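Let's take a walk through a structure together. Have the sequence and the 3D view open, and look up each part as we get to it.

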Amino acid sequence: MRILLDQFTKTFGATTVIDKMSLDIESGEMLALLGPSGCGKSTTLFAICGIHRMNGGRLLFGERDVTHLPSQMRNVGVVFQNYALYPHMNAFDNIAFPLMIRKMAKPEIERKVLAIAELVHIEGLLKRKPAQLSGGQQQRVALARALVREPDILLLDEPLANLDAKLRLEMRSEIRRIQQETGISAVLVTHDQVEAMSMADRIAIMDQGQIVQLAAPKDMYDEPVTDFVASFLGNPPIAFLQGTVEGKTIRLENSDIVLPLDAQAAKQGNGTPIRIGVRPEHFQPEHPVKISGKISFIEEQGREELFDVTLSNGMRLRSVQANGGAFRLGDEVSWGLAADKVLTFDPSGRRI
Amino acid sequence: MSSNFRSWPMTLLLGFLSLPIIVMMVYLFVDTVTDTTAGSLIPDRFTLEHWRFLFDAPQAGRSNIWSVTLNTFIFACSTSAIVVMTSLTSGYALSRLNMPYRRLLLGGVLTLHAFPTVTLIISIFLMLQMTGLYNSLLGVILVKTALELPLGIWVMKGFYDTVPWEIEMAGLTDGASRFTVWRRLVLPQVHPGLAALGLFSFLAAWSEYILPQVLAPDGASQVLATYLQNLIKDDRAPDFNMFKSVGLFYAMPVMIIYLIFNQKLMNIYGGGTKG
């Protein structure tokens, strides 16, 4: 089902947390709300499920206006960060609870619970209490409970935050599989860009109550609209260099390093300050636009190596290389930028 | 027991320290079924006549033990029931609902708890006289309940505070009403507190002496505590053995409750739930 959030405003007391935000979630897509803590992503989620009242704007589920409907009448499924399983009920009763509330017939409940348990692979655990389940299993029960009454939308609030690293990887693909098999529209709230990039069809990146950019993960990675978006996506993160435009080149601040980045420089007038963003994979020995510096940090990551290169003016670039074994800490290197992949931003952070 | 810690010196010390209490307990029991010559510690003969109060018709001016016991049960049970029900609901409200003056209420309730009963007894006496509840069991129940409530409310609030918010949110989004969420999802989590509070207020009312003594001194609404006091008050020849028998009879329900529920009673000090 298509979910439309239109001009949504939320205030807590005198502070406006979210001001006139609009968001369109297409039918069957998984949309990630990504942002730092306090950016309003959880607030948005709680507004959609009806726990927070909206102070302005509309919320549509398909054609139905649910803005003023209480949570109980909205038909949303929510998976909370700590799963919020009912500790005194076993897994079966937990999953059956939403159906029991609807006074569904016993055999019908049993059939549905078993079907959904099979989907999330917990058929053998239905008699256990939540305390007897592992983190990943609790997560599956929580998913089953959210999905069992076929909600219009599935809301996931930091679903992987409480899992250890290995389980996180497993549940990431599991949640995606279950969402795709059921074809349900879903909103995933997360502060982890890897989660958002790997699970979602589209990402809405949020900052201070506003959606900064809404795009597919790959598009957002390649074409960020601001330096905030660019710095939020990607691990290891993008590196920024300050400079000014000089004709068809860019001179880096406090140095005589001049970069012949004519395509980017041409868009700006002479003498304009500019920020250059270079992702680690675009700063490599073989690339053409050379820049010299000293290797100031090496991190071995097994499959690849991560280098920090400090330039003569103290600025730092990052490079990630699959076969960089020949370099040592302190080496003077002259590596190149991929000129067409370099991102440039104006002083306010907007992409040029 | 670990090998580098020998338990018998500790057992011996504790046993020695508890000896006075144990002796008192033993004699409380022994004296109810025996006669002892004054000045002697060794009982002379076995007798059940000290328990005659259970079967004989009461002497003039005394109440029947069974109606007094019934009174005490009514007193303790109603107090406990009202305290539990009020604390259950008001504890939830104070823990969860965004009410105006919430902090003031919490502070006020705590202040009430800090007042010793005796300091209030005169004003309570006057109030009961004005409302016509003086000398009735109902009046004593209301007063005892009011005095027990602050602790109850705070204990229940503490238990509610340990229930995660998300459980309630999950219940709401699962389609349950606020009341259903409270009854089906929250109440089971605070169940240990509920049981402990019920027992505690029952025991507090059961052993209450000063309130019935002052506020309902008449025979019709007498409870065991005041009955016991009446037993030795007016007599020229006090029958201490019968006094002990009534005392034992009075303490029996308390001991039984402790034996059965000691696990639950511990819980109130644990102050939490186990999932």
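## Ground rules

Helices are DSSP runs of H or I with at least four residues, strands are DSSP runs of E with at least two, and both are numbered from the N terminus. This is a predicted model, so to speak: local features need pLDDT of at least 70, side-chain atom pairs count only at pLDDT 80 or more, and totals for chains, interfaces and linings use all residues. Residues are numbered from 1 along each chain as its sequence is written, chains are lettered from A and ligands numbered from 1 in the order in which they are written, and side-chain values use heavy atoms, with hydrogens and water left out.

## A pair inside one helix

Arg177(A) and Glu174(A) form a salt bridge, with their closest N and O atoms 2.9 Å apart. A salt bridge here is a side-chain nitrogen of Lys or Arg within 4 Å of a carboxyl oxygen of Asp or Glu. Why are these two separated by about one helical turn? Because they sit three residues apart in helix α5 (residues 165–182) of chain A. Side chains of opposite charge can pair when their charged atoms come close. Counting over all chains, the structure holds 25 salt bridges.

## Chain A, zoomed out

UniProt, in an unreviewed entry, puts the feature "domain: ABC transporter" at residues 3–233 of chain A. UniProt positions are given in the numbering used here, feature names are shortened, and annotations may be inferred rather than shown by experiment. Residues 3–233 of chain A are 36% helix and 26% strand, with the end C-alpha atoms 26 Å apart.

## Where the two chains meet

Thr173(B), Asp174(B) and Arg184(B) supply 36% of what chain B buries against chain A, more than any other three residues.

Two salt bridges cross the interface of chain B and chain A. The side chains of Arg149(A) and Asp174(B) meet in a salt bridge at 3.5 Å, N to O. The interface of chain B and chain A also has eight residue pairs in polar contact, both residues at pLDDT 80 or more. A polar contact is a pair of N or O atoms within 3.5 Å; within protein, one must be able to donate a hydrogen and the other to accept it, and residues adjacent in sequence count only if both atoms are side-chain atoms.

## Inside chain B

Chain B is divided too, into domain 1 (8–47) and domain 2 (66–270), whose centres are 33 Å apart over C-alpha atoms. The contact takes six residues from domain 1 of chain B and four from domain 2 of chain B. About 500 Å² is buried between these domains of chain B, and carbon and sulfur atoms give 62% of it. Leu28(B), Asp31(B) and Thr32(B) supply 79% of the area that domain 1 of chain B buries against domain 2 of chain B.

Which residue forms a salt bridge with Asp31(B)? It's Lys244(B), with the closest N and O atoms 2.4 Å apart.

## Spans and a loop

An unreviewed UniProt entry marks "transmembrane region" in chain B, including residues 104–128 and 134–155. Residues 104–128 of chain B are 92% helix and 0% strand, while residues 134–155 of chain B are 86% helix and 0% strand.

Finally, find Ser136(B), in the loop between α4 (117–131) and α5 (137–161) of chain B. The side chain of Ser136(B) reaches the backbone oxygen of Leu133(B) at 2.8 Å.

Methods. Buried area is the accessible area (1.4 Å probe) that two parts lose on being put together, summed over both. Domain bounds come from an automatic or database domain assignment. Contact means heavy atoms within 4.5 Å.
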